[in-house]
Amino acid sequence: MMSTAPPRRFTTLISEASLAPGDARKATAADRIKDFILAEGLQPGDLLPTENELCEYLGVSRSSVREAIRTLSTLDIVVIRRGHGTYVGEMSLDALVETLVFRGVLSPGDDLRALRDVVEVRQALDRGLAEQIVASLAGTSNPELHSLVDEMVALAAKGRAFPQHDRAFHTGLLERLENPLVGQLVTAFWDVHTSVVPKLGLSVAADLEQTARAHGLMLEAAQDGDVEAFRAAIVSHYDPIERALDAKAA
């Protein structure tokens, strides 16, 4: 269990920051709290010093500390647990997703430019990761992913969408990669994509089956170690949304 006492290096860190010339003196309370988290090597779930301790060590007012904590909380850098304290957050990309969803709905542009940008980013990520994904899955069997594909195909045949299955599939493709940030980015842009599409009145219902089967092609290509086939399946996967965007623009 982690100690609730302030880390020993905190006083030293703040003293050095307050004495440093130039930008260090201009750093906000939020910046210095982030510096502290990094300098102490804190991990998600670790407890931060109390509000009073932060005021004392930072040499700022209680209102400044509270504002800093609120700012960091919106970014998921810290998490406030009422009655327990403030902890290092999971630092997810939820704030990025919310911002991009709002941007996509508020300012789609003459030809739904914002959503096209998101789709392009998703395709770029998928194509760029193709070799890594294929290398991680080549020669393996993935019954859970195959089951997701079967369920998506079955739902598509009934004219029903399958967002949760789709998300789980893309997350599963990336599980064997060593870089966890990659999975977070891909999932974040997936969330933006699927949130914006219905808000803009786009419909890909007619192409649900193609989308569902494209997932199966991606999985089979990856298991076969075939990078080119995997990339071809990516193209098939995104064809429906691109056609829908073209039709909406027209």
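**View 1. Lining of the largest cavity in the predicted model.** The residues of this lining divide into six nonpolar, one polar and one charged; Ala, Val, Leu, Ile, Met, Phe, Trp, Tyr, Cys and Pro count as nonpolar, Asp, Glu, Lys and Arg as charged, and the others, Gly among them, as polar. They are Asp-126, Ile-133, His-170, Leu-173, Leu-174, Val-186, Met-218 and Phe-230. A cavity is a set of points on a 1 Å grid over the protein atoms alone where a 1.4 Å probe fits but cannot get out, and lining residues have an atom within 4 Å of a point. The largest cavity holds about 40 Å³ of space, a volume being the space filled by probe spheres set on the points, which are joined across faces, edges and corners.

This is a predicted model, in which local features need pLDDT of at least 70, side-chain atom pairs count only at pLDDT 80 or more, and totals for chains, interfaces and linings use all residues. Residues are numbered from 1 along each chain as its sequence is written, and side-chain values use heavy atoms, without hydrogens and water.

**View 2. Phe-230 and the largest nonpolar core.** A nonpolar core is a set of buried Ala, Val, Leu, Ile, Met, Phe, Trp, Tyr and Cys residues joined through side-chain atoms within 4.5 Å; buried means under 20% relative accessible area, exposed over 50% and partly exposed in between, with a 1.4 Å probe and protein chains only. The largest such core has 37 residues, and Phe-230 is among those with the most contacts inside it. Helix H9 (143-157) is one of the elements giving two or more residues to this core, and its share of seven residues is the largest. Helices (H or I, at least four residues) are DSSP runs numbered from the N terminus, as are strands (E, at least two). Beyond four places in sequence, the residues that Phe-230 touches include Ala-130, Val-134 and Ala-221, a contact being heavy atoms within 4.5 Å.

**View 3. Gln-123 in helix H7.** Gln-123 belongs to helix H7 (residues 113-128). This residue counts as buried because its relative accessibility is 9%. Tyr-238 and Glu-242 are its contacts once neighbours within four places in sequence are set aside.

View 4. The chain averages a pLDDT of 80.

Note on methods:
On a 1 Å grid over the protein atoms alone, a cavity is a set of points where a 1.4 Å probe fits but cannot get out, and a pocket is an open set with protein on both sides within 12 Å along at least five of seven lines; lining residues have an atom within 4 Å of a point. pLDDT is the predictor's confidence in each residue, from 0 to 100.
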